[in-house]
Amino acid sequence: MKRLVLGDGLLGKTIADGTGWDYISRKKDGIDFRKPDTYADYIKGYDEVINCIAFTETYDERRDEHWQVNYASVAELVDLCNRFNVKLIHIGTDYLYSYSKVDATENDVPVHCRNWYGYTKLLADGYIQLKSKNYLLLRSTHKREPFLHPYAWVDQIGNFDYVSIISELIIQLIRKGVTGIYNVGTETKTMYDLAKRTNPDVEPNFVLVDDSIPTNVVMDVSKMKNTLK
């Protein structure tokens, strides 16, 4: 099974380093995810493409950046994968469950968080489900290790974890050959709980009064757990 990772950001690099799978990126290969002709030839001949490219400035208000990278370019990637008969593995986000049902499953209706990041990631998920002929859609959040910020939210709760842990779960699911949608994460915790594991000096803080920042992104990860038993 030949696999290609798109992007060498935090998650993409961790997956590529941990598996030895091929990867391409803007920095290494000069590709521009917004221009399919710059990377289309690379994905020919691969069985699976793992898309780790996204505009991840979660609370950035630049609509066009989110729209182009997180939605429009993903739609073009779906079309390319269909044309070349390549399975698409796409990294989504647990932010889709913001202001939705607590402990949501993959079958519950996602309600995007109140910012352009969540909105455009939701649109991409919809396009993949509608148009892709063969896909695996993974919803999660990964954090840099160790936790570098001086403060961490004590009232934000979810299944997020460090990139080394989330990437390993993703790799296992990819190797299982599963398709469809999977919530990916570990036990429920606060961001402060997570931060304390690698930064004992981190100080507790509360989410500012801003409804674009979700405080509860808890997902039901039982489907993932059952698959990986």
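Arg197 is partly exposed, with 44% relative accessible area; this class lies between buried, under 20%, and exposed, over 50%, as computed with a 1.4 Å probe on protein chains only. The model is predicted, so local features require pLDDT of at least 70 and side-chain atom pairs pLDDT 80 or more, whereas totals for chains, interfaces and linings use all residues. Residues are numbered from 1 along each chain as its sequence is written, and side-chain values rest on heavy atoms, with hydrogens and water left out.

The partner of Arg197 in a salt bridge is Glu187, with 2.4 Å between the closest N and O atoms; the term denotes a side-chain nitrogen of Lys or Arg within 4 Å of a carboxyl oxygen of Asp or Glu. Because Arg197 belongs to helix H7 (residues 191-198) and Glu187 to the loop between strand S10 (180-183) and strand S11 (189-190), the pair ties together parts that are ten residues apart in sequence. Helices (H or I, at least four residues) and strands (E, at least two) are DSSP runs numbered from the N terminus. Glu187 is likewise partly exposed, at 40% relative accessibility. Both residues belong to a network of salt bridges that also links Asp161 and Lys189.

The structure contains 14 salt bridges. Among them is the contact between the side chains of Arg34 and Asp32, at 3.1 Å from N to O. Here Asp32 is buried, with a relative accessible area of 17%, while Arg34 is partly exposed at 39%.

Another salt bridge joins Lys44 to Asp41, whose closest N and O atoms are 3.4 Å apart. Lys44 is partly exposed at 44% relative accessibility, and Asp41 is exposed at 57%.
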